[in-house]
Amino acid sequence: MSLKEELEKEQVRHLDLSRYCLVHSGTPVRETIARMRAEQGRTALVVRGDELVGIFTERDVLRRVAMEATALDGPVDAVMTGRPITVAPDLSAAEALWLMDDHHFRNLPVVDQQGQILGDMTYAAIIHYLAARYPVEVLNRPLRPEQYSDEAEGGD
């Protein structure tokens with residue numbers, strides 16, 4: 001089976017969707033960033049009750065907060081991306097990946113039919129999936145595959 005066929009067959013629900021933290025609507029930006037930092041730079045999914053109302057990413061910090069110091073004390077709602085596009089857990093990984101590529105997203109919230117947040121799909125989730133499926137091919141790949149040494153290894 002080709003890689004394309006595998007990604008078309010694999011559902012989003014089977015990827016690592018854990019790279020996010022939840023914050024409530026109205027949470028100050030400063031506190032949201034602190035939570036993201038404490039959870040290793042993860043994306044913040046913003047909720048009102050149990051409903052996903054927005055997404056706040058590192059890119060939002062750079063584009064909407066870094067140049068506006070007063071934004072740090074305001075609510076995350078003012079600088080988040082509201083009503084983010086979401087996907088269902090049974091969508092194929094390939095379709096979700098194409099959606100991310102088409103819209104230039106790095107994060108794609110996964111929400112079931114009842115509106116329950118199941119996670120956040122990222123490019124890292126795809127990489128981890130591929131590394132688990134093809135450990136030798138992925139882990140032994142040179143950092144720069146086009147670069148070759150002029151000398152044999154160990155040669156003088």
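The model is predicted. The protein has six helices and six strands. Along the sequence they run α-β-α-β-β-α-β-α-β-β-α-α. Of its 156 residues, 37% count as buried. Among contacts between residues at least 6 apart in sequence, 56% join residues at least 24 apart.

**Helix 2**

- Helix 2 spans residues 29-38, and its buried residues are V29, T32, I33 and M36.
- Down the helix axis these buried residues fall within an arc of 95°, so they line one face of helix 2.
- An α-helix has 3.6 residues a turn, so residues three or four places apart point the same way.
- The cover over the buried residues of helix 2 includes strand 1 (20-24), strand 2 (43-48), strand 3 (51-56) and helix 3 (58-65).
- Q40 follows helix 2 and has a positive phi, near 65°.

**Nonpolar cores**

- The largest nonpolar core holds 16 residues. L15, M121 and I126 have the most contacts inside this core.
- I126 is in contact with L7, L15, A93, L97 and M121, leaving aside neighbours within four places in sequence.
- A second, separate core has 14 residues, including V29, M36, V65 and V79. Of these, V29 and M36 are also among the buried residues of helix 2.
- In soluble globular proteins, nonpolar side chains tend to be buried together.

**Largest pocket**

- The largest pocket has a volume of about 600 Å³.
- It is lined by 26 residues. T57, R59, F105, R106 and N107 are the closest to its centre.
- Helix 3, strand 5 and helix 5 each supply at least two lining residues.
- Helix 3 gives the most to this lining, with six residues.
- By class, the lining has eight nonpolar, nine polar and nine charged residues.

**Loops on either side of helix 2**

- S25 sits in the loop between strand 1 and helix 2.
- Leaving aside neighbours within four places in sequence, S25 is in contact with V46, V47, R48, V53 and D77.
- S25 and M80 are 55 residues apart in sequence, with 9.9 Å between their C-alpha atoms.
- G41 lies in the loop between helix 2 and strand 2. At 25% relative accessibility, G41 counts as partly exposed.
- G41 touches M36 and E58, not counting residues up to four places away in sequence. M36 is one of the buried residues of helix 2.
- G41 and T57 are 16 residues apart in sequence and 8.6 Å apart in space, C-alpha to C-alpha. T57 is also one of the residues closest to the centre of the largest pocket.

- Most residues other than glycine have a negative phi.
- R83 is not a glycine, yet its phi is positive, about 45°. R83 lies in the loop between strand 4 (81-82) and helix 4.
- R83 is exposed, with a relative accessible area of 78%.
- H104 is not a glycine either, and its phi is positive, about 60°. The loop between helix 4 and strand 5 holds H104.
- At 64% relative accessibility, H104 counts as exposed.

- Q113 is placed in the loop between strand 5 and strand 6 (117-122).
- Q113 has a relative accessible area of 78%, so it is exposed.
- Q113 and V87 are 26 residues apart in sequence, and their C-alpha atoms are 9.8 Å apart in space.

How values were computed
Residues are numbered from 1 along each chain as its sequence is written. This is a predicted model: local features need pLDDT of at least 70, side-chain atom pairs count only at pLDDT 80 or more; totals for chains, interfaces and linings use all residues. Side-chain values use heavy atoms; hydrogens and water are left out. Buried means under 20% relative accessible area, exposed over 50%, partly exposed in between (1.4 Å probe, protein chains only). Helices (H or I, at least four residues) and strands (E, at least two) are DSSP runs, numbered from the N terminus. The arc is that of the directions from the helix axis to the C-beta atoms. Contact means heavy atoms within 4.5 Å. A nonpolar core is a set of buried Ala, Val, Leu, Ile, Met, Phe, Trp, Tyr and Cys residues joined through side-chain atoms within 4.5 Å. On a 1 Å grid over the protein atoms alone, a cavity is a set of points where a 1.4 Å probe fits but cannot get out, and a pocket is an open set with protein on both sides within 12 Å along at least five of seven lines; lining residues have an atom within 4 Å of a point. Grid points are joined across faces, edges and corners, and a volume is the space filled by probe spheres set on the points. Ala, Val, Leu, Ile, Met, Phe, Trp, Tyr, Cys and Pro count as nonpolar, Asp, Glu, Lys and Arg as charged, and the others, Gly among them, as polar.
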